[in-house]
Amino acid sequence: MSETLKPEAGTESGRHWAHINEVSFVGGMRLLFAVYRIFGRWPFRLMLYPVLLWYMARNPVARAASLDYLARVQRRRPDLRIPSGLGGALRHFAAFGESLLDKMLLWGGLFPLDKVTVSGGEIVTDAVAAKRGGLLICTHLGNLELCRVAGRSHPELKLTVLVHTKHAQAFNRMLAQLDPRSQLDLIQVTEMTPATAVLLAEKVARGEFVVIAGDRVPVSRSPRVTTANFLGAEAPFPIGPYVLASLLECPTYLMFSQRTRHGATLCFEPFREQISLPRKQREQLFSELAADYAARLEHHCLQTPLQWFNFYDFWAQPQTSPSPDNRHAPH
């Protein structure tokens with residue numbers, strides 16, 4: 001899964017993340033990956049910054065989103081001394097570039113998996129041992145590929161990741177060139193169909209895990225969202241993960257990853273043993289679920305603020321539609 005950096009021409013201020021296209025960023029990353037393989041990480045970083053300065057100049061929406069996010073973090077936790085201004089945004093973009101390199105290293109077999117620390121891993125291993133599937137709600141913090149690649153060494157752990165692949169085709173093709181398996185457990189869910197819901201239910205019934213992001217508004221003119229406080233202000237969050245959890249009738253967990261100085265961490269947390277959405281309480285429950293998720297997301301974001309990669313106006317309130325009933329799972 002990759003985030004992208006350039007707003008489409010003619011879209012409404014480029015606020016929605018799906019209105020952001022890949023430009024030649026992928027080609028630049030391919031070159032920088034070659035630099036890393038020949039010379040190492042520091043020469044990669046030296047070449048990365050001029051590239052990022054060029055992208056920041058060309059992408060005002062992404063640049064403004066980064067500045068806004070970093071300012072919110074700074075107001076929330078002044079003690080963290082988060083870099084602000086254009087210098088802070090440059091470091092934020094640099095962390096994004098490092099994350100993309102890590103994705104390529106993971107699928108190229110060059111990332112040191114022995115330096116990955118797992119917290120709460122027993123939650124998943126116990127469920128796997130009991131052949132009990134579940135839903136993992138992830139975020140755009142850190143690197144989701146870390147879990148997918150690490151899972152390759154545990155054949156009993158089967159993941160299916162729901163992604164919006166059509167908005168990252170070039171980067172996904174690059175990963176496929178490094179390792180064709182990078183595409184095997186992905187399902188595009190720009191439109192969730194009843195057939196897809198049945199397929200996912202069958203997977204969970206076999207003891208497998210479905211992975212879905214909880215921190216991006218759905219691709220829709222009238223997205224189904226609720227709001228929750230995140231970094232001091234109300235932000236829209238998708239209700240799709242919770243509707244899907246209620247349909248699958250399975251335990252729900254949270255998954256976070258963060259890059260560290262010498263490797264990375266993976267953190268698994270229990271969220272709900274089961275999610276039920278009675279019609280009369282649905283809106284209240286959506287609010288409570290999103291609030292709990294947002295609180296955990298904020299907790300992890302404040303540990304590594306520069307590793308949260310949503311380069312669009314995350315707090316913009318979309319025009320919403322009434323929430324669906326449990327017969328239809330949105331993306």
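Let's start with contacts, meaning heavy atoms within 4.5 Å. Among those in the protein chain between residues at least 6 apart in sequence, 76% join residues at least 24 apart.

Ground rules next. This is a predicted model, where local features need pLDDT of at least 70, side-chain atom pairs count only at pLDDT 80 or more, and totals for chains, interfaces and linings use all residues. Residues are numbered from 1 along each chain as its sequence is written, and side-chain values use heavy atoms, with hydrogens and water left out.

The overall makeup. The protein chain has 10 helices and 11 strands. Those are DSSP runs, numbered from the N terminus: helices are H or I with at least four residues, strands are E with at least two. Of the 331 residues in the chain, 56% are buried. Buried means under 20% relative accessible area, exposed over 50%, partly exposed in between, with a 1.4 Å probe and protein chains only.

Now the rings. The structure holds 18 aromatic pairs. The rings are those of Phe, Tyr and Trp (its six-membered ring), and they pair if their centres lie within 6.5 Å; planes under 30 degrees apart count as stacked, over 60 as edge-to-face, the rest as tilted.

Take Phe-96 and Phe-311. Their centres are 5.3 Å apart and their planes sit at 80 degrees, so this pair is edge-to-face. What does the pair tie together? Phe-96 is in helix α4 (residues 85–107) and Phe-311 is in the segment after α10 (282–301), so parts 215 residues apart in sequence are joined. Phe-96 is buried at 0% relative accessible area. Phe-311 is buried too, at 2%.

Next, Trp-308 and Trp-315. They are also edge-to-face, at 6.4 Å centre to centre and 70 degrees between the planes. Both are buried. They belong to a cluster linked by ring pairs, along with Tyr-69, Phe-230, Phe-237, Tyr-293, Tyr-312 and Phe-314.

Trp-315 has a charge over its face as well: Arg-72, at 4.1 Å from the ring centre. The test is NZ of Lys or CZ of Arg within 6 Å of the ring centre and within 35 degrees of the ring normal. Arg-272 lies over Phe-271 in this way, at 4.7 Å.

Last, helix packing. Helix α2 (residues 41–58) packs on α4 at about 125 degrees, axes 9 Å apart. Axes are lines fitted to C-alpha atoms, for helices over the stretch in contact, and angles run from 0 to 180 degrees between N-to-C directions. The contact includes Phe-44 and Leu-48 of α2, and Phe-93 and Leu-101 of α4.
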